[in-house]
Amino acid sequence: MELGTLGCYYRIPIVNPEVRRIFDQRNQCSHITGYCISHAPSSFCVSLVAHSRYNQFKKSSCTSSSQEFLRDTYKSPHEDDGTIHLEPEEEDGEEQVEEEVEIVSSLREESMNQNIWNQMKEIMMFSGPAVGLWICGPLMSLIDTAVIGQGSSIELAALGPGTVICDYTSYVFMFLSIATSNMVATSLARQDKKEVQHHISVLLFVGLSCGVLMLLLTKFLGSWALIAFTGTKNMQLVPAANTYVQIRGLAWPAVLVGMVAQSASLGMKDSWGPLKALAAATAVNGIGDIVLCRYLGYGITGAAWATMASQVIAAYMMIETLNKKGYKAFSLTVPSLNELVQIFGLAAPVFVTMMSKVAFYSLITYFATAMGTQTVAAHQVAIQLYCMCAVWGEPLSQTAQSFMPELIYGVNRSLVKARMLLKSLVIIGAINGVITGAIGTSVPWLFPNLFTPDPAIISEVHKVLIPYFLALAVTPSTHSLEGTLLAGRDLKFISMSMTGCFTLGSLLLLLVSNRGYGLPGCWFALVGFQWARFFLSIRRLISPDGILYSEDLTRYKLGKVKAA
């Protein structure tokens, strides 16, 4: 049987009940309930079911947004020679077109629902192992909090300013992580292994240099920073906090080198290697805390040594992971001036964003410290649990940064698919936020003695559970939105919006502190900070001029990015 062309680039499969269905490999069409759907982008396919004896003629079409439906239908006047000659049918043309539109609409809706579900599964498969990478760091601090809280309320309160100096400050160097994963992934896309090795060597040198600098700053300025942070009213916290900071400071070079090595593995799409390293480090930290603090009685000093040792072990295992891939992770290269400009220029907006976050969380701890020992101890318990739960949303940001660029700027650019992916990320984020918020709230409510036996501290923790849940519930969705903005290179907006949220949030913190609202007032300021980030990001993305709707690619250039 022969079929004349209909002006469509692809072949048109004919389905005959008496003839075996032919599958055209080049079309890659799948027959679903009598219809043919092409998997090729911007394709147009028509499925005809023709049988001369029964005079049946069925037609379905599927098209992309850039093409139109066929306006004419055809029928065959010749049946004897086995050849179908197609001629336009003038009657009932409009009715058939309407039927086609309804069929395609229903198929498209069905396909879209299935695509969203498939995307959700793909996101979970991609982000699942990455969750462990984000959990291990806060889990170490949470273990320290739980173990130390069983022994001394003073040492528990001293962990507040101590973790600000050690943990929060490390987020300032997240620009190294972003630059490493971006540069490594780009070089691998070009299949240039020598360039990958060069980037790794340069960034490892930068990480080691920053680590040595932080070690020296901690050694000579650590106590001064703690006194300035805690204030004269809480001088009793400084000795214990300084001991903790000085011991943890010895691991700064290993921390930043490990951060670069971890990001290089993630740029190679390997999340299991870093996950194994951090899992081993967390186990070492937990065992060390129990042995040194509970059985040997070293308190906050033992917790600091256990955490420091675990960070060194994690860095070594991550470097070995790179060595097993054939790269020389112990090879260091001094970067040129242009390479330094490229690194910091790429990561500058991320640096501004992370600095705003770190500064705001540090301000909350600062105001909580000024309220007294019991208040800052309660805040330490709440903020460590919050960080432990909030990191469950970070893989959604990483997923957006990994999948969105090809949909926004790639060869097979599809803003419709990008918006569908964002919808899936926000839905997963909302579910994630509610679940982690409920679990994170129930732990200190039902099992407060896990962290401290002091009833005054437990009472302060219970006062912040409502704002704790409200802030935590929106965090994963906010991460997915901000990850999409980073993927779309809307860097100026995300930097300015985060700076604005920090400024207004700081003023709100100052207001509630002066008005005497206590620790709950500080946590409600955190609620305002998180929800402001959410609304600003989603408004930007759904606006007609946003990266998911604008057809003007020149507005969000992928060239050199300058810091504001």
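**Note on the predicted model: aromatic contacts and buried positions**

1. W531 and F534 are about one helical turn apart, because they lie 3 residues from each other in helix 16 (residues 518-542). Helices here are DSSP runs of H or I with at least four residues, strands are runs of E with at least two, and both are numbered from the N terminus. The model is predicted, so local features need pLDDT of at least 70 and side-chain atom pairs count only at pLDDT 80 or more, while totals for chains, interfaces and linings use all residues. Residues are numbered from 1 along each chain as its sequence is written, and side-chain values use heavy atoms, without hydrogens and water.

2. The protein chain contains 16 helices and 7 strands. Its 564 residues are 51% buried, where buried means under 20% relative accessible area, exposed over 50%, and partly exposed in between (1.4 Å probe, protein chains only). Carbon and sulfur atoms hold 61% of an accessible surface of about 27,600 Å², calculated by the Shrake-Rupley method with a 1.4 Å probe, where for residues only the protein chains shown count as cover. Among contacts (heavy atoms within 4.5 Å) with a separation of 6 or more, 76% join residues 24 or more positions apart.

3. The whole structure holds 13 aromatic pairs. One of them, F173 with F175, is tilted, with 6.2 Å between the centres and 35° between the planes. Rings of Phe, Tyr and Trp (its six-membered ring) pair if their centres lie within 6.5 Å; planes under 30 degrees apart are stacked, over 60 edge-to-face, and the rest tilted. Both F173 and F175 are buried. Ring pairs also join these two residues to W252 and F351 in a cluster.

4. Which geometry does the pair W531 and F534 adopt? The pair is edge-to-face, because the planes meet at 75°, and the ring centres are 5.8 Å apart. W531 is partly exposed at a relative accessible area of 31%, whereas F534 is buried at 13%.

5. Two charged side chains sit over tyrosine rings. The charged end of R419 lies over Y549, 4.5 Å from the ring centre, and that of K193 lies over Y327 at 5.3 Å. The criterion is NZ of Lys or CZ of Arg within 6 Å of the ring centre and within 35 degrees of the ring normal.

6. T475, in helix 14 (residues 465-487), counts as buried because its relative accessibility is 2%. Beyond neighbours within four places in sequence, T475 touches Y386, A390 and Q530. Its C-alpha atom is 8.2 Å from that of W531, which is 56 residues away along the chain.

7. G345 belongs to helix 9 (residues 337-369) and is buried, with a relative accessible area of 15%. The C-alpha atoms of G345 and A179 are 9.3 Å apart, across 166 residues of sequence.

8. A nonpolar surface patch of about 870 Å² is formed by L208, V212, L213, L216, L217, F220, L221, W224 and L332. Patch residues have over 30% relative accessible area and no salt bridge; nonpolar side chains (Val, Leu, Ile, Met, Phe, Trp, Tyr) are joined within 5 Å and like charges within 9 Å. A salt bridge is a side-chain nitrogen of Lys or Arg within 4 Å of a carboxyl oxygen of Asp or Glu. L208 is located in helix 4 (residues 193-230) and is partly exposed, at 31% relative accessible area.
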